[in-house]
Structures are given as C-alpha cells and as structure tokens.
Amino acid sequence: MENGAARTAPAVIVAIDGPSGTGKSSTSKAVAAQLGLSYLDTGAQYRAITWWMVNNGIDITDPDAIADVAGKAEIVSGTDPSAPTITVDGTDVAGPIRTQEVTSKVSAVSAVPEVRARITELQRSLAANAEYGIVVEGRDIGTTVLPDADLKIFLTASPEARAARRSGELKGADINATREALIKRDAADSSRKTSPLAKADDAVEVDTSDLTLQQVIECVVTLVEEKRAAK
C-alpha cells in the first residue's frame, strides 16, 4: 500500500465479475496491490455464510431455513490485498471456507434472496468506506452490488482453460470432473432469480483463455489507470 500515486489520485471503484477459474481472484488482488486500492473477495463472504450454516446444522436444501438465519453470522472482511482476511463471529475461516463441502453448497445458499440482501449490504458498505478506492470481485458486482462502479470488467475463459486452472489449484483433481462441476455451477449461478452471474452492459470483457496471469493483470491495471486519469 505504499503506492504514492494512489494517495493523490481520485478514489476509483472497480467491479470484476466472471465465473470461477477465469483468474478473477489472482487478478483482482494483484491489481489492487499494484494500484494501492482495497480489495474485496465477495465469493469468500458467501462461502463464509455457507460455512456458518453448515456448522450450525441448517438444512441447506430448505431456502426458508436459510432465510430465517441469514442475519445471524457476523462476517468481517479485511480488505488488504496482500493479506485479505475473513472471520465469522470472530473465528478466522479463510481455510475452512475453501473445503469441498462448502464449495458444493455455496450456490444453494447464495441463491436465497435474504442471504444476497444481507451480503450485498456488507459489500456496499465496504466499498463506500474505501478511502482510496477498491477492487471488488464476484459474480454480480457490476450488475447488482455496485451498478455505479467507475470501471466494470467481466473476465471470461473457455471451460477447458478454466478447468485446467482449477485442477492446478485442486491438486490431483480430475480435469473432466472439474470442468463438469464448473459448467454446473455456472448454470446455477447464471439462472438464479436473484442477482444472477451476468455481464453488465457497460462492462469491458477480457477473455483470459490464452493470456498469462501477468498479461491479464497488466490489461486490467491499464484500464483502471485510464479510468482514474479521466476522473
């Protein structure tokens, strides 16, 4: 965060959306760190509330049961891109929220409108309080959470490229099974009634299939710098 330029430049709110495996998290964190901005992984917040539900024995197949307790967990997100943190009721859950059990249930929990309303409120408040600006990554940031963001980016990649990346992250994962799981999750996230995964009309689409992570980062940094210069 020692970036002097960020201190004199106008605050800029950047929304980065797209499905899993497009390089969203790595790109968002690196861009925020390079430009001295805060960073928020909204997916981690949905994972955190899902982890809380699982931990408290809530029936994930019952939307009403989920809705009833949507406001109970206290979720706190740290927005330092070099060391983003997330706690639930004071417990560090950065590790537990990445388990297969949480991953398999997060779409069902995040489809419940009461959950989305609760988490969206948290996200808007973090963005509003980011003094120098923030990079917020997710699936509905440019369309629903921050429709007035200064810059909206939608990252895409072919299912094959995304599965290869995810399999690299999930050691020993079967690439075909990973690809099927990604396609299934996309379908769930894109078809849900509340805040589906969608590209905003005014978003810049970046296809990352054939780009290295460094190239994606450079592309996004350039877009943010252009936007900041124009403010």
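Setting aside neighbours within four places in sequence, valine 88 touches Ala48, Trp51, Trp52, Ala73, Glu74, Ile75 and Val93. Keep in mind that this is a predicted model.

Where does valine 88 belong? Val88 is part of the largest nonpolar core, which has 25 residues. Val88 is also among the residues with the most contacts inside that core, along with Trp52, Met53, Ile75 and Val115. Which elements give two or more residues to this core? They are helix H3 (42–55), helix H4 (63–68), strand E4 (86–88), helix H5 (100–110) and helix H6 (113–128). H3 gives the largest share, 7 residues.

There is also a second, separate core. That one has 19 residues, and Ile16, Leu151, Ile153 and Ile217 are among them.

Now to strand E6, residues 133–138. How many of its residues are buried? The count is 6 of the 6, so E6 is largely enclosed by the rest of the structure. Let's take the faces one by one. In a regular strand, side chains alternate between the two faces of the sheet. On one side of E6 we have Gly133, Val135 and Glu137. On the other we have Ile134, Val136 and Gly138. Both faces are covered. Note that a glutamate, Glu137, is on the buried list.

Who pairs with E6? In E6, glycine 133 stands opposite valine 12. Strand E2, residues 38–41, also runs parallel to E6, and 4 bridges join them. Here tyrosine 39 stands opposite valine 135 of E6.

Next, a loop residue. Leucine 37 lies between helix H2 (24–35) and E2. Is leucine 37 buried or exposed? Its relative accessibility is 0%, so leucine 37 counts as buried. Leucine 37 and glutamine 214 are 177 residues apart along the chain. Their C-alpha atoms are separated by 18 Å.

Last stop, a helix pair. Two packed helices are described by the angle between their axes and the distance between the axes. Helix H8 (residues 159–169) packs on helix H9 (residues 175–191) at about 115°, and the axes are 8 Å apart. The crossing of H8 and H9 is right-handed. Which residues make the contact? From H8, they include Pro159, Ala163 and Arg166. From H9, they include Ile175, Leu182 and Asp186. By class, the H8 contact with H9 has 6 nonpolar, 2 polar and 5 charged residues.

Key
Residues are numbered from 1 along each chain as its sequence is written. This is a predicted model: local features need pLDDT of at least 70, side-chain atom pairs count only at pLDDT 80 or more; totals for chains, interfaces and linings use all residues. Side-chain values use heavy atoms; hydrogens and water are left out. Buried means under 20% relative accessible area, exposed over 50%, partly exposed in between (1.4 Å probe, protein chains only). Two strands pair if DSSP finds at least two bridges between them. A nonpolar core is a set of buried Ala, Val, Leu, Ile, Met, Phe, Trp, Tyr and Cys residues joined through side-chain atoms within 4.5 Å. Contact means heavy atoms within 4.5 Å. Axes are lines fitted to C-alpha atoms, for helices over the stretch in contact, and angles run from 0 to 180 degrees between N-to-C directions. A crossing is left-handed if the near helix is turned anticlockwise from the far one by less than a right angle, and right-handed if clockwise. Ala, Val, Leu, Ile, Met, Phe, Trp, Tyr, Cys and Pro count as nonpolar, Asp, Glu, Lys and Arg as charged, and the others, Gly among them, as polar.
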